[in-house]
Amino acid sequence: MKKILVAEDERTLREGIATAFRDRGWEVVEAVDGAEAFARLEEAVFDVLVTDYQMPGRNGLEVLKRSKMINEGTVAVVMTAYGTVESAVEAMKAGAHDYVLKPFDLEEMEMKVERALEHRRLLARIEAYDRAYIVPRFENIVGDSPQMKDVFRTIEKVARSNATVLVLGETGVGKELVAEALHRNSSRAERAFVKMNCAALHENLLESELFGHERGAFTGADRQRTGRFELANDGTLFLDEIANMTASTQAKVLRVLQEREFERVGGSRTVKVDVRLVAATNRNLEEAIQRGEFREDLFYRLNVVNIKVPPLRERKEDIVPLATHFIEKYAKELKKDVRGLDPAAVRSLKRHTWPGNIRELENTIERAVLMSESLFVREEDLNLGTAGRSAADNVASLNLRLPPTGIALEELERQAILEALRINSWVQKDAAKYLGISSRVMNYKVAKYEIKNPRWSKNKLVG
């Protein structure tokens, strides 16, 4: 059922519109003024917003802008008794899909809303088409942030080469998905993609897994075993946690990279392979080299191209798309009718620092879908445990790393303000509350650090 918010301070008109819409089978929520419309927008997700242009408290343009900040998919129709070109232009610039001049027939309003709903359906189809086009190329990698666009561009550039790639990033950021995307976009895509976690096995077992072994090579080796390098012949081998290999194993991997050959454990026959290697680690290999824990020559062989996958806290724009992706996945798997996130849940997701990155987010959403008793995941379903945390706990969860060369305190403050604005959709009042400062102080800091956002200049033009 389509859900519509009607914001109109004139009671007779509001109730007449609501009745006509309900007769069409649409679910209607009424707001008597702009302030109540703000509150209703925070409580639910609407397909269409129908708002009066002039209302006490908050006017229609403010309601429209707030709607776009909370849910860009809501399509707006603005009513105005001020039949001037200027008011219509203001409404359209602010993001309205259409407008209607008072007085109007209810049939005209119904036609406008029908068109708005069709527009929303078309947008959903286009989004689905775009996603279907992207997924075969990048599989389950979801991200529209500048950092992830850089990752996609690098994958596109190097995938068709045979260059060895080193994927860097914290635990849970999706390094394996990057490796899979490199393989599926390569000329080896029809061949095997073989995975190995180097931290999962003891040294002797790891060498046997990587290179295979001959019968009788060690106690229990009652038959010949084919290793991962052989299994990946003509395809791609992904070695995760590469920094956990011992010096002996590192030397053997280096030989394969240089000469494309090796011997199985306990054997003397040389096995030749053609393998594209993708390695990954969450550790700083250059520091490991300084400590004598990792071979420098192997590092240079692996680091022909490196792809740095950013942690989730550095790409907040991707949190909601990722959460939506996981909701769709687990709603289907768990056979639950859960369709999205309510506004409070969105804010909670954006404010969490996600030390476990995408893996933590996926686990959180899986549990939330399982526990949810409504169409939209609520804040309490997420169970992020942020309530009642002290300021010291919140600061500790930031995992703040200062550069060894030092940094100006003012730059840290500027970055904190920028992050608060991003988390709060660039609404200065909300960002100020988030940081525990007044709106006046926030305005001063924004001016001091010359912080700008296209949305602000746009708002000035239409206000």
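Helices (H or I, at least four residues) and strands (E, at least two) are DSSP runs, numbered from the N terminus. The model is predicted: local features need pLDDT of at least 70, side-chain atom pairs count only at pLDDT 80 or more, and totals for chains, interfaces and linings use all residues. Residues are numbered from 1 along each chain as its sequence is written, and side-chain values use heavy atoms, with hydrogens and water left out.

Strand 8 (residues 236-240) contains Asp-240. Asp-240 is buried, where buried means under 20% relative accessible area, exposed over 50%, and partly exposed in between (1.4 Å probe, protein chains only). Asp-240 has no salt bridge. A salt bridge is defined here as a side-chain nitrogen of Lys or Arg within 4 Å of a carboxyl oxygen of Asp or Glu. The nearest side chain of opposite charge is that of Lys-175, 5.0 Å away. For charge, Lys and Arg count as positive and Asp and Glu as negative; His and the chain ends are not counted. Contact means heavy atoms within 4.5 Å. Neighbours within four places in sequence aside, Asp-240 is in contact with Lys-175, Met-196, Asn-197, Cys-198, Ala-199 and Ala-280.

Two strands pair if DSSP finds at least two bridges between them. Strand 6 (residues 165-168) and strand 11 (residues 276-281) pair in the parallel sense, over four bridges. Strand 6 also runs parallel to strand 12 (residues 305-308), and four bridges join the two. There, Val-165 stands opposite Val-305 of strand 12.

Side chains of opposite charge can pair when their charged atoms come close. By the salt-bridge rule, the count comes to 40. One of these joins the side chains of Arg-14 and Glu-30, at 3.1 Å from N to O. Arg-14 lies in helix 1 (residues 11-23) and Glu-30 in strand 2 (residues 27-31), so the pair ties together parts that are 16 residues apart in sequence. Arg-14 is buried, at 8% relative accessible area. Glu-30 is partly exposed, at 24%.

Asp-430 forms a salt bridge with Arg-66, with the closest N and O atoms 3.3 Å apart. This pair links distant parts of the chain: Asp-430 belongs to helix 19 (residues 428-435) and Arg-66 to helix 3 (residues 60-70), 364 residues apart. Both Asp-430 and Arg-66 are buried.

Arg-313 and Glu-170 meet through their side chains in a salt bridge of 2.6 Å, N to O. Arg-313 sits in the loop between strand 12 and helix 13, and Glu-170 in the loop between strand 6 and helix 7 (175-184), so the pair ties together parts that are 143 residues apart in sequence. Arg-313 and Glu-170 are buried. A network of salt bridges links Arg-255, Glu-259, Glu-261, Glu-263 and Lys-272.

Helix 15 (residues 357-371) has 15 residues. From first C-alpha to last it reaches 21 Å, close to the 21 Å expected at 1.5 Å a residue. The expected span is 1.5 Å times one less than the number of residues. Its buried residues are Asn-357, Ile-358, Leu-361, Glu-362, Thr-364, Ile-365, Ala-368 and Val-369. Seen down the axis of helix 15, these fall within an arc of 165°, so they line one face of the helix. The arc is that of the directions from the helix axis to the C-beta atoms. The buried residues of helix 15 pack against helix 13 (319-333), helix 14 (343-351), strand 14 (376-377) and helix 16 (379-382).

Helix 14 holds Ser-348. Ser-348 counts as buried, at 8% relative accessibility. Not counting residues up to four places away in sequence, Ser-348 touches Glu-379, Leu-382 and Leu-384.

In helix 8 (residues 203-211), Leu-206, Glu-207, Ser-208, Glu-209, Leu-210 and Phe-211 are buried. The buried residues of helix 8 pack against strand 7 (193-197), helix 9 (228-231), strand 8, helix 10 (247-259) and strand 9 (261-263). Gly-212 follows helix 8, with a positive phi near 80°.

Ala-420 lies in helix 18 (residues 409-423). Ala-420 is buried, with a relative accessible area of 1%. Residues up to four places away in sequence aside, Ala-420 touches Ala-431, Tyr-434 and Leu-435. Ala-420 and Lys-433 are 13 residues apart in sequence, and 9.5 Å apart in space from C-alpha to C-alpha.
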